[in-house]
Amino acid sequence: MLNRRLTPLSRAGILAFIGFVLLILSRFVGELRNYQGAQVAVYVIAISSITLLTGYSGQISLGHGAVMAIGGYGAALSFSLWNFPFELAILFGAAVGTLSGFILGVAAARLSGPYLAGTTLALAVGLPTIADQFKVLGGEQGLSFDIGDAPTWVRKIGGADFTQYKWFFWICIIVALLSLWAITNLLHSNYGRNWRAARNNAVAASLAGINVARGKVLAFTVSSALASLAGALFGLLLGIVTPTAFPLSLSFAIVTGAVLAGVSNLAGSIVGAVVLVAIPEVSGALATHLGGSQKVTANLPGLVTSLLLILVVLFMPNGLRIKKFKGKK
Amino acid sequence: MKEGLVVKDLAIDYGSVAAVKGVSFTITPGELVAVIGSNGSGKSTLIRAISGLIAPTRGSALWNGETLLGKKPEDLVRLGIVHISEGKSVIPELTVAENLALGGIWRRDKSDVKLATQESLHIFPALTTRLEQRADSLSGGERQMLAIARALISRPQLLLLDEPSLGLAPLIIEQIFVAINNLRKKYGLTVLLVEQNAVSALKIADRGLILHLGELIRSGSPDELMQDPQLRAAYLGF
Amino acid sequence: MFIDTLLIGISSGAIYSLMALALVLVWRSTRIVNFAQSGQAVLSTYIGYEITVKTHNYWISLPLAIVCGALIGSLVDLLFMRFLSKRIKSGPIAEIAPVIATLGLLGLIQSLIGLIWGNAFLQYASPLSAKGFTFGTHTVPFSPQNLFIVIASALVLGIFGVVFRFTNLGLSLRAASFAPEIAQLAGIRVGRVRNIGWSFAGAAGAVAGAVITPTSTLSPNSLDLLFVSGFIAAVIGGLDSLVGAVVGGLVLGIGFSFILQYISSSVTFLVGFIILMIVLLVRPRGIFGKGVGRNA
């Protein structure tokens, strides 16, 4: 769908069209679907950050949930404490996340495989605890990021019953489409090619003139920009950011979503995001069907996700490939 | 009746590339046969298929009537077939003594293992003083000696040697080849010697096989091969 | 005060060392970090718990839990890991696939535990007191159970050390993990040996679970943070090094203990992250890790 034969302009056109369709659809679906649609949009951004980092640049991060937290807290902080308008707050969160990503990326460039995995894992568990230490970050109660209802001019376009969730959906979809456009262009540019070359064979790539270390840092930085952007939106959807909103399982979830779709397959990040949001719903329904006992309801989503994950990795290691265009991987 | 190594129509494909194309030959017990060829001739692939490291596409290989293909390398060691692989034949992180011990770990007859170890050290006295040193402190020639010493402790009948001269200085190569020749006569070993260094190999061989791009193009006695002008130009350098 | 903190640090450090050991054992032979380790360990602990419920005897449940841990480890290798290694050869997925697969296995084990035992916090009863030793008026926050933890861990680590250095099995394990092909050609049944390595790792994890759980509660996720600490300890010590696992564990345990005492409990992992970063900055492969020349 977004392959290299298209120019950035035509990609923009396609994405704008998709956006338009989705925005119209939002008027016809219920509240829950709008909220879930917003969640999917946020996961798409988060998953695409992993696609870039791991699929293209070959670096593994088990701590991107922590990066999302940085974005979320940055946005909430500027919104609650300094009264930024929410758009600027989101950008601020992303900016802080980008800077952090740069610092992490510099440290990460020297680390390989499991050492990087271990470091990001430690970050994922350790970072949220900062919030407990500094009162300005709200401690356990967290910081509010409640943006309220849509402004009047939007409501005029949106129609009479333009609820807050519809507003969330619009914001997230627009940001997601913009990010997808930006990242697709980036991945199909020289940067993307250099990342893949370095991932496949670092020695050969540097002999060919590619600055591998700089590429890795760049990848980590851009990936963190996306993740923190997603984190800011994540906080927006929750209306609040707390230390427990970004647990270790979030880091695992977005890596899971990326793998489900094929870790270097960007279009598949949409599939991954949908699956991540759909699983709790589907297994909830299944659990009630099976009697609805406490044990079953609590554990069925996890069972389904784990089984799905194992099956995908064992039988479709390259993910649920969308086989429309046969290009080189 | 002991028949030795019988290889029939052995072929190995890597995907669409035929590395070895239908090779057949026999090595009678006690013979030392040298397989000569340049890079890409398939000789390493051939020896790795015989020792069980890779699965051939078709063909058969028998040692004294028993089929080798489909068996794992560790099983073939128990049949008396020991493969000393090219370049990496000792484990650098282990000591010399530990490397030697690997040769006898799988064997039941521990007293014979002790005996064989002493014999090996007698043949290669340079190792005796370095037993507690890590193998990565040994020179190339010493590592080769260690590999052969270890192989002997397994009491092999068929020795598969993959380019033992690789990376060694000419003087050391001489010593190694002389040692191999003496050993095989002393223990009655059958040896399949794969080599790029054709001259050294043919000096100690009973027969030579020339492999080119996966095919067996010539076989004969060392004298015959060394006097063929084409072969001399291509492989012997004079 | 200092001694107290040090003692606690040694106690938790011992547990981290055990977890780190389990991870290093599997890493060296398969080049895979087994994220399912905490699931395997907690499953063994649940089985131990069941046995204490039935027999009211901790000392019977302990060895049985360890045996179960070994069996589970062996089964994970035979049924899961073999299959995984065959399917994943190369490509962008090769490094990340084992991580995801073992994470999936972890989730699977924990969900199954939840379905069987439920998610409520259980108490794994031990006859040893969890209250600190008292010397006159001073109570050390180091209890008989803590002492047992240190003794048990030291025993297990010692046994492994002896097996690795002085037995033929240990030699085979080391040979198979350093150079599987050469080991094969020397007659070592590398498949069997690797499986034994997995059993050892499973047993180590089971010991860790069975001795630490009596000091808190048992739930499907109760060993997760222990796994993270074990992983950090293994990385600090160098993933290739068994000695590193022990050193890393102690460094982390003592470090955590002092942070807990003198700063606050909530930032322990943040400090862990900082310790990790400092170590890796100086030695990107961990303290005892292999030099730069070798591929991870």
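**Chains B and C, and a helix pair in A**

Okay, let's start where chain B meets chain C: 21 residues from chain B and 15 residues from chain C make up that contact. Keep in mind that this is a predicted model. On the chain B side, two helices, α2 (73-78) and α3 (96-104), each put in at least two of the residues that touch chain C. If you sort the chain B side by class, you get 9 nonpolar, 6 polar and 6 charged residues.

Now, the other chains. There are 2 pairs of chains in contact, and chains A and C share the most contacts. What about chain A and chain B? No contact joins those two, and their closest C-alpha atoms are 19 Å apart.

Let me move on to a helix pair inside chain A. Helix α3 of chain A, residues 64-80, packs on helix α4 of chain A, residues 86-108, at an angle of about 140 degrees, and the axes are 7 Å apart. Roughly antiparallel would need an angle over 145, so α3(A) counts as oblique to α4(A). As for handedness, α3(A) passes α4(A) in a right-handed crossing.

Who's making that contact? From α3(A), the residues include A:Val67, A:Ile70, A:Gly71, A:Gly72, A:Gly74 and A:Ala75. From α4(A), they include A:Phe86, A:Ala89, A:Ile90, A:Gly93, A:Gly97 and A:Gly101. And how many charged residues are in there? None: by class, the contact of α3(A) with α4(A) has 10 nonpolar and 8 polar residues, and no charged ones. Remember that the chain B side facing chain C does have charged residues, 6 of them.

Conventions
Residues are numbered from 1 along each chain as its sequence is written. Chains are lettered from A and ligands numbered from 1 in the order in which they are written. This is a predicted model: local features need pLDDT of at least 70, side-chain atom pairs count only at pLDDT 80 or more; totals for chains, interfaces and linings use all residues. Two residues are in contact if their C-beta atoms, placed from the backbone, lie within 7 Å. Helices (H or I, at least four residues) and strands (E, at least two) are DSSP runs, numbered from the N terminus. Ala, Val, Leu, Ile, Met, Phe, Trp, Tyr, Cys and Pro count as nonpolar, Asp, Glu, Lys and Arg as charged, and the others, Gly among them, as polar. Axes are lines fitted to C-alpha atoms, for helices over the stretch in contact, and angles run from 0 to 180 degrees between N-to-C directions. Angles under 35 degrees count as roughly parallel, over 145 as roughly antiparallel, 65 to 115 as roughly perpendicular and the rest as oblique. A crossing is left-handed if the near helix is turned anticlockwise from the far one by less than a right angle, and right-handed if clockwise.
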